[in-house]
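Open the model in your viewer and keep the selection tool at hand. Each stop below says what to select next and what is there.

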Amino acid sequence: MGKARHEVGRLRTLTTGGIGSRWLGVPALLLGVSFSTWPDGWATVWPVWLTPAVLGFLVTCCAATGLYVAIEVWLQRNGPPA
């Protein structure tokens with residue numbers, strides 16, 4: 001019975017993404033709301049610093065950070081690979 005509960009708990013964590021996905025969703029929601037509600041005139045003026053190169057760099061940094069955190073969490077739960 002204990003193994004079944006463990007598997008159900010593991011399945012729940014895998015399907016819901018755990019708390020990590022929720023914390024990633026908060027900034028994404030805030031950015032989506034802010035970008036969708038700003039005045040029309042701002043779209044042509046602000047943010048001028050957000051060029052495609054800078055945006056690509058920021059996305060790459062966020063993806064690398066997410067991967068690093070995911071690896072750290074996995075190592076804390078399962079230990080180093082044999």
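**Before you go on.** This is a predicted model, in which local features need pLDDT of at least 70 and side-chain atom pairs count only at pLDDT 80 or more, while totals for chains, interfaces and linings use all residues. Residues are numbered from 1 along each chain as its sequence is written, and side-chain values use heavy atoms, with hydrogens and water left out.

**Whole chain.** Color by pLDDT, the predictor's confidence in each residue, from 0 to 100. The chain averages 80, and 85% of the residues score at least 70. Now show the cartoon. The chain has four helices and zero strands. Helices (H or I, at least four residues) and strands (E, at least two) are DSSP runs, numbered from the N terminus. Of the 82 residues, 2% count as buried, meaning under 20% relative accessible area; exposed is over 50%, and partly exposed lies in between (1.4 Å probe, protein chains only).

**Residues 42-45.** This is helix H3, where confidence is lowest, at a mean of 72.

**Residues 52-78.** Helix H4 has the highest confidence, at 90. Its 27 residues should span 39 Å at 1.5 Å a residue, and the end C-alpha atoms are 38 Å apart, which agrees. The expected span is 1.5 Å times one less than the number of residues. Step just past H4 to Gly79, which takes a positive phi of about 80°.

**Pocket lining.** Select Leu24, Pro27, Ala28, Leu31, Phe35, Leu50, Leu55, Leu58, Val59 and Cys62. They line the second largest pocket, with a volume of about 270 Å³. Helix H2 (18-37) and H4 each supply at least two of the lining residues. H2 gives the most, with five.

**Cys61 and Cys62.** Which of these is exposed, and which partly exposed? Cys61 is partly exposed, at 33% relative accessible area. Cys62 is exposed, at 57%. The sulfur of Cys61 is 7.0 Å from the closest cysteine sulfur, in Cys62, so the two are too far apart for a bond. The structure holds zero disulfides (pairs of cysteine sulfur atoms within 2.5 Å).

Technical notes: On a 1 Å grid over the protein atoms alone, a cavity is a set of points where a 1.4 Å probe fits but cannot get out, and a pocket is an open set with protein on both sides within 12 Å along at least five of seven lines; lining residues have an atom within 4 Å of a point. Grid points are joined across faces, edges and corners, and a volume is the space filled by probe spheres set on the points.
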